[in-house]
Amino acid sequence: MLTVSTWMTRRLFTLGPEASLADAMELTRTHRIRHVPILSNDRLVGIISDRDLKRAVPNALCEITKEKFEATVAGTKLRQIMKSDVVTVKPDTPIIHAVEQMLQLRIGCLPVVEDDRQVG
């Protein structure tokens with residue numbers, strides 16, 4: 001039986017809840033990722049998706065100055081926009097169960113947690 005540990009990504013790119021929206025935008029762009037786990041004291045406390053980032057960034061139609069845009073992006077903390085009700089699985093979860101859960105909940109990321117620590 002294939003388990004999540006067989007397919008999970010082990011190289012994690014994470015940020016803390018006090019990191020800025022600008023930090024998350026840079027991390028997702030640099031590493032070409034769509035989800036950023038938010039850790040506090042090595043514990044998963046939230047997650048940010050590329051959609052969350054797009055919703056939080058001021059729209060071009062807002063007619064704000066470049067300075068105001070940059071201040072907003074730098075001043076918005078991830079704790080303000082992260083989803084804190086993160087659905088997780090364990091490494092020994094069968095792949096089929098993880099896939100079913102993702103489809104049922106319509107989520108694109110399923111952090112893997114073991115002993116309260118994110119491992120994948």
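Entry 1: terms and overall layout. I took helices (H or I, at least four residues) and strands (E, at least two) as DSSP runs, numbered from the N terminus. On that basis I placed Arg106 in the loop between helix H6 (95–105) and E3. I note that the model is a predicted one. I counted six helices and four strands in the protein. Read from the N terminus, the order of the elements is α-α-β-β-α-α-α-α-β-β. I found that the C-alpha trace spans about 55 × 30 × 25 Å along its principal axes. Of the 120 residues, 33% count as buried.

Entry 2: the nonpolar core. I looked up the largest nonpolar core, which has 15 residues. Within this core, Leu15, Leu21, Met25, Ile38, Ile48, Leu53 and Leu78 touch the most other members. H2 and E1 are the elements that give two or more residues to this core. I recorded H2 as the element that gives the most, with four residues.

Entry 3: salt bridges. I asked how many salt bridges the count comes to. The count is five. In one of them, Arg79 pairs with Glu18, and their closest N and O atoms are 2.7 Å apart. This pair links distant parts of the chain, 61 residues apart: Arg79 belongs to helix H5 (residues 78–81), whereas Glu18 sits in the loop between helix H1 (4–7) and H2. I noted Arg79 as partly exposed, with a relative accessible area of 46%. Glu18 also counts as partly exposed, at 46% relative accessibility.

I then examined Glu26 and Arg29, which form a salt bridge with the closest N and O atoms 3.4 Å apart. About one helical turn separates Glu26 and Arg29, because they are three residues apart in helix H2. Glu26 is partly exposed at 42% relative accessibility, while Arg29 is exposed at 55%.

A further salt bridge joins the side chains of Arg55 and Asp52 (2.9 Å, N to O). Arg55 and Asp52 are three residues apart in helix H3 (residues 50–56), so about one helical turn separates them. Is Asp52 buried or exposed? I found Asp52 to be buried, at 8% relative accessibility, whereas Arg55 is exposed, with a relative accessible area of 60%. Through salt bridges that share partners, Asp52, Arg55 and Lys83 are joined into one network.

Entry 4: charged surface patches. I located a positive surface patch formed by Arg34, Arg51, Lys54 and Arg106. Arg106, the loop residue of my first entry, is exposed, with a relative accessible area of 76%. I also located a patch of negative charge on the surface, where Asp92, Glu114, Asp115 and Asp116 gather. Asp115 lies in the loop between strand E3 (113–114) and strand E4 (117–118). I noted Asp115 as exposed, with a relative accessible area of 70%.

Entry 5: backbone angles. Most residues other than glycine have a negative phi. I therefore looked up which residues depart from this pattern. Arg32 is not a glycine, yet its phi is positive, about 50°. I found Arg32 in the loop between helix H2 (21–31) and strand E1 (35–40). Arg32 is exposed, with a relative accessible area of 78%. Asn41, also a residue other than glycine, has a positive phi near 55°. I placed Asn41 in the loop between E1 and strand E2 (43–49). Asn41 is exposed, with a relative accessible area of 72%.

Note on methods: Residues numbered from 1 in each chain as written. Predicted model: local features only at pLDDT ≥ 70, side-chain atom pairs only at ≥ 80, totals over all residues. Heavy atoms only, no water. Patch = residues over 30% accessible without salt bridge, like charges linked within 9 Å, V, L, I, M, F, W, Y side chains within 5 Å. Areas by Shrake-Rupley, 256 points an atom, 1.4 Å probe, with all protein chains shown as cover. Salt bridge = Lys/Arg side-chain N within 4 Å of Asp/Glu carboxyl O. Lys, Arg positive; Asp, Glu negative; His and termini not counted. Charge placed at Lys NZ, Arg CZ, Asp CG, Glu CD. Buried < 20%, exposed > 50% of the residue type's maximum accessible area, 1.4 Å probe, protein only. Core = buried A, V, L, I, M, F, W, Y, C linked by side-chain atoms within 4.5 Å.
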